[in-house]
Amino acid sequence: MRVHVIGCSGSFAGPTSAASSYLIEHEDADGRLWRVLMDLGSGAFGPLQSVIDPAELDAVIISHLHPDHYLDLTGLEVFWAYHSRTDLGKLSIHGPAPLPERVSGVLGRDGHIPAGVSAAPFDYHTLSDGHRFSIGPLEIETRAVLHPVEAYGFRLTADGVTVAYSGDTDSCEALDELAAGADLFLCEAGYIEGRDDRFTGVHLTGRRAGEVAARAGVGRLALTHIPAWTDPAIPLAEARAVHTGPITMVQPMDILDVSDRRTARNER
């Protein structure tokens, strides 16, 4: 399994990175490559096109309805609706229940399909806490996490490999459960200890992300969602102070290869 970091800037697109978006790729037993996009925040649709042809996407899953996690669905909808290919069908979009209305509102079409298009290009599916579904070989579990709006974290598993994604959240029991034993834990660390203590129930600090990773026994912690005004070295140091396992601070266009730690240990 591979994770392409399309955008990783927290809260808004920064000068060197789009907001949150992560492309999951996994090849099934027949050699078919599946592509699932987690979030498509502000500014992310542009760099996504430098990685893949968006017409090759199999599905999109949206963690919550803050603009830095879903807003560029509007560009993807236009792309999908007016593409010259006639065999695309509808693209599956999984997200909170209000997502279709939000996208329609941003596009100013009050729920109507785009002009000149015979059918809406997206097939929406509503997420809920503890929901499980499959996209090709990927088994996906969603958990409601702690954020000011309805928000979900994701756990994706295929062929014994697991990637956990925090979405946006503060520390909570559901996040520990999502991360438990994951080979890769892609976790936000948007706040800093001491600076952001007055805000609760919104974001993790590097320290709190590290504590979750340590409790969960993850293979690798990958920190993300760092705002443009934050020095990434600070949350990285916070995480390293409490978690002794491998830690990565992700960068735009990083490719994270994820393997089954049990297999890797057996092969050594």
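The following dialogue examines how several terms apply to this predicted model.

Modeller: Residues are numbered from 1 along each chain as its sequence is written. In this predicted model, local features need pLDDT of at least 70 and side-chain atom pairs count only at pLDDT 80 or more, while totals for chains, interfaces and linings use all residues, and side-chain values use heavy atoms, with hydrogens and water left out.

Biologist: Why is His 94 called buried?

Modeller: Buried means under 20% relative accessible area, exposed over 50%, and partly exposed in between, with a 1.4 Å probe and protein chains only. His 94 has 7% relative accessibility and therefore counts as buried. His 94 is found in strand E5, a strand being a DSSP run (E, at least two residues) and a helix likewise (H or I, at least four), numbered from the N terminus.

Biologist: Which residues does His 94 touch?

Modeller: Contact means heavy atoms within 4.5 Å. Not counting residues up to four places away in sequence, His 94 touches Ala 59, Val 60, Ile 61, Ile 62, His 125, Leu 127, Phe 133 and Ile 135.

Biologist: Why is strand E10 described as largely enclosed?

Modeller: Five of the five residues of E10 (residues 161–165) are buried, so the strand is largely enclosed by the rest of the structure. Val 161, Val 163 and Tyr 165 point one way from E10, and Thr 162 and Ala 164 the other way.

Biologist: In which sense do E10 and E11 pair?

Modeller: E10 and E11 (residues 184–188) pair in the parallel sense over three bridges, with Leu 186 of E11 as the bridge partner of Tyr 165.

Biologist: Why is helix H3 described as largely enclosed?

Modeller: Seven of the ten residues of H3 (residues 73–82) are buried, so the helix is largely enclosed by the rest of the structure. Among the buried residues are Leu 73, Glu 77 and Trp 80. The elements against which the buried residues of H3 pack include helix H1 (45–51), strand E5 (91–95) and helix H4 (99–107).

Terms used:
Two strands pair if DSSP finds at least two bridges between them.
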